[in-house]
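Here is a short report on one protein chain. It goes from sheet to core, then to cross-links, charge pairs and backbone.

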Amino acid sequence: QVQLVESGGGLVQPGGSLRLSCAASGFTFSRYAMNWYRQAPGKERELVATIPSTGTSAGGRTNYADSVKGRFTISRDNAKNMVYLQMSSLKPDDTAVYYCNAYARLGTYWGQGTQVTVSS
């Protein structure tokens, strides 16, 4: 059974930090690129960050939406089947449900999402 389980969301003040985690199971994690998406109320789902299947150790590159460049960092641990999103300098506009996504030609999987609220 394929599962992607996000955790680490919550309420944070502007300028604060959060680290989201996504635990994967039920598929060959190391063969999938991993992505973080987010969806704010009334808006379309937005791709936030991507990391290739092999991570960055073999020269792979991460990519970020312009709105989060320099503030968010995506990483993965293929030994633990985990992907992370370190978020800093958070803004109210970052408020959204954040989703973990696994993508390959073999298929795509989604987590259930975790709420991030940035508010004073």
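## The open sheet

Four strands make an open sheet, ordered β1-β3-β8-β7, with antiparallel pairing. The edges are β1 and β7, and each of them pairs on one side only. From one strand to the next, the twist averages 15 degrees. The model is a predicted one.

The β1 and β3 strands are joined by 5 bridges and run antiparallel. In this pairing, Gln 3 stands opposite Ser 25 of β3. Next comes the pairing of β3 with β8: it is antiparallel too, and 6 bridges hold the two strands together. Here Ala 23 has Met 82 of β8 as its bridge partner.

## Two faces of β1

Strand β1 covers residues 3–7, and its side chains alternate. Leu 4 and Glu 6 point to one face and are buried.

## The nonpolar core

In soluble globular proteins, nonpolar side chains tend to be buried together. Which residues have the most contacts inside the largest nonpolar core? They are Met 34, Trp 36, Val 83, Leu 85, Met 87 and Tyr 98, in a core of 30 residues.

Several strands give two or more residues to this core: β3, β4 (33–39), β5 (46–51), β7 (72–77), β8 (82–87), β9 (96–104) and β11 (114–118). The largest share comes from β9, with 5 residues.

## The disulfide

The structure holds 1 disulfide. It joins Cys 22 to Cys 100, with an S to S distance of 2.1 Å. Cys 22 sits in strand β3 and Cys 100 in strand β9, so the pair ties together parts that are 78 residues apart in sequence.

What is the handedness of this disulfide? The torsion about the S-S bond is about -80 degrees, so the disulfide of Cys 22 and Cys 100 is left-handed. Are the two cysteines buried or exposed? Cys 22 counts as buried because its relative accessibility is 0%. Cys 100 counts as buried because its relative accessibility is also 0%.

## Salt bridges

Side chains of opposite charge can pair when their charged atoms come close. The count here comes to 4 salt bridges. One of them joins Glu 46 to Arg 38, with the closest N and O atoms 2.8 Å apart. Glu 46 has a relative accessible area of 30%, so this residue is partly exposed. Arg 38 is at 6%, so this one counts as buried.

Arg 71 and Asp 94 also meet through their side chains, at 2.7 Å from N to O. Arg 71 is buried, with a relative accessible area of 11%. Asp 94 is buried as well, at 1% relative accessibility. A network of salt bridges links Arg 38, Glu 46, Arg 71 and Asp 94.

Another salt bridge pairs Lys 69 with Asp 66. Their closest N and O atoms are 3.1 Å apart. Lys 69 counts as partly exposed, at 49% relative accessibility. The cut-off for exposed is over 50%, so 49% falls below it. Asp 66 counts as exposed, at 67%.

Most residues other than glycine have a negative phi. Where does Asn 81 lie? Asn 81 is in the loop between β7 and β8. The phi of Asn 81 is positive, at about 55 degrees, although this residue is not a glycine. Asn 81 counts as partly exposed because its relative accessibility is 24%.

Ser 89 also has a positive phi, near 50 degrees, and is a residue other than glycine. The loop between β8 and β9 holds Ser 89. With a relative accessible area of 40%, Ser 89 is partly exposed.

How values were computed: Residues are numbered from 1 along each chain as its sequence is written. This is a predicted model: local features need pLDDT of at least 70, side-chain atom pairs count only at pLDDT 80 or more; totals for chains, interfaces and linings use all residues. Side-chain values use heavy atoms; hydrogens and water are left out. Buried means under 20% relative accessible area, exposed over 50%, partly exposed in between (1.4 Å probe, protein chains only). Two strands pair if DSSP finds at least two bridges between them. A nonpolar core is a set of buried Ala, Val, Leu, Ile, Met, Phe, Trp, Tyr and Cys residues joined through side-chain atoms within 4.5 Å. Axes are lines fitted to C-alpha atoms, for helices over the stretch in contact, and angles run from 0 to 180 degrees between N-to-C directions. A disulfide is a pair of cysteine sulfur atoms within 2.5 Å.
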